[in-house]
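Please look over the structure below.

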Amino acid sequence: MIIHVARVVLILLEVLVLFNLLIVVHELGHFLAARWRGLYIERFGVWFGKPLWKKTINGVQYSLGSLPFGGFVALPQLAPMDIIEGKADVDRAKLAPISALDKIIVAFAGPLFSFGLAVLFAIIIFAIGRPVSESEATTTIGYVMADSPAARAGLKPGDKILAVDGRHVSRFGGMGADSISWRIVSSEGSTIPITIARDLDGKTETRTVEAKPIVPQTKPWMRKGFREIGIVPAETPVIAKVELGSPAAKVGLRPNDKIVAINGQPLYEILGIADYIREHPNEPLTLTIERDGKKLPAPFEPPNPKIDDVYKDSPAARAGLKTGDVVLAVDGQPAKSTLAISDYIKKHAGQPITMSIVRDGAKRDLKVTPEIPQGDTVARIGIVWGEDLGITLDQYGNMMVKHPPPLEQIRASMLSIFSTVGAIASSKSDVRLQHMSGPIMMLQVYYKMLSSKEGWRMALWFSVVLNVNLALINLLPIPVLDGGHILLALIEAVRRRPVNMRVLEVVQTACAVLIIGFMIYIAFFDVQDLFGFRRDTPKFLPKAPPTKSAQQ
């Protein structure tokens, strides 16, 4: 317990160090440029809030704040930033005027330093390599959701996707134009053409199908869903842990084993096991395991499904089903596949079914009547199935290490933000401003990355993306941002006189309020994602218990 707490604290410290480094380096660029150009520097602070330490050196007050979220440099000769940095201690009117060129140089130095830090991290990643998961790099479909747009279009596990929406793709994950996920999310038509290559009897056949995407419904206070067609990337299941006494342990499965096939058929994703059991309920199963470069057969007997949770007021709760019950049969048919049971339930809305279970060693039969929950379209009984194979998979699966050249990393980072802005600006796209991420989400991503075995390499790669984004976003010609300072300096150069100070104060304050409001707006959605508020449980109408006469 103590070791776990210490590890969490260490990871949090690593997250804060990396996150603050990005901001402080950016502000350091402004600071050094201001020193070079002879501007008056009032304060240079690392972190915000009440100072834990401060000292004035050569007329500049240096401070360490109590809130570990970035830093700032106060330059009164630039456009006023009182709402963010606090009111200046000097009368701006008494300070010597500075040229428009000096203002441009100082404003541009922040993004330049951010870009320079991105290049430095990119060089490091080129040297040590970036871990890439199989699911991100592949273009092969691993699983197709039942009754999904992809299933209706005829897509199958093992299909290799060549193009989406008329654009060539080379990977499944990411946000670039060559990403399958991003091409689907940012598509604008009512259907999405998908070109695939499929192996048939030793020959490769190329075809194009049309998938009609769906957008999952969300609550009004949640982020709107993205377009999806119901496919999952291929990812070889790699075992991280085997539970003692589980079906997996009984057949000799071990950590680091790879499950590559089931009854001789390639397994592209772990969900394929449940599909195969549903489609071949009475067929003996043999898994093919890859261990130390060798393929080994592993006869496997799937266990009976186990109930992990029962929803309140659900048909299952009213019937007396409980957490921990093991389902032996449904209407007399042996229960081996949770998918098969779910399919059977969906087809029997309003019709009583008999579930044979084992509880505390005793067998019993319970009658359950599936119902369609409020706001749903399919029948359910209100249970959650437990994990029944007895294995925990490595969340990153097969990892490969790539050494992308620095320029390629910078280019990919720039294209990702251009693609995002383009999608947001398009009236036909489902991508909106609310889908952007703020500091909370960035910190969460850092925490997840640093918690993994390849944490620092993944975090450094992510820092390349963040620094490029920080540089580009700050160059937008919006007052308060560095690009706004540059724009005001250019206006000053054209007019040959500074913009009126009172006008500057009003414009800067208004834009600062809008930006702060936008950050709060994004944080509202980020907090929901952080704490998992998205989970939506089926809602069943409560019913009165049966009368005594009805129970007899």
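## Helix packing

Helix α1 passes α12 in a right-handed crossing. This is a predicted model. The axes of α1 (residues 2-37) and α12 (residues 439-450) come within 9 Å. They cross at roughly 130 degrees.

On the α1 side, the contact is made by R7, V8, I11, L12, E14, V15, L18, F19 and L22. On the α12 side, it is made by P439, M442, L443, Y446, Y447 and L450. By class, the contact has 13 nonpolar and 2 charged residues, and no polar ones.

## An open sheet

Four strands form an open sheet in the order β19-β18-β20-β21. The pairing is antiparallel. Strands β19 (333-334) and β21 (362-368) are the edges, and each pairs on one side only.

Strand β18 (residues 326-330) pairs with β20 (residues 353-359) over 4 bridges, in the antiparallel sense. A329 has S356 of β20 as its bridge partner.

## Confidence

Mean pLDDT for the protein is 88. Of its residues, 93% reach 70 or more. Among the elements, strand β7 (residues 160-164) has the highest mean pLDDT, at 97. Helix α16 (residues 548-551) has the lowest, at 38.

Key
Residues numbered from 1 in each chain as written. Predicted model: local features only at pLDDT ≥ 70, side-chain atom pairs only at ≥ 80, totals over all residues. Heavy atoms only, no water. pLDDT = per-residue confidence, 0-100. Helix = DSSP H or I, 4+ residues; strand = E, 2+ residues; numbered from the N terminus. Pairing = 2+ DSSP bridges. Axes fitted to C-alpha atoms, helices over the stretch in contact; angles between N-to-C directions. Left-handed = near helix turned anticlockwise from the far one by under 90°. Contact = heavy atoms within 4.5 Å. Nonpolar A, V, L, I, M, F, W, Y, C, P; charged D, E, K, R; others polar.
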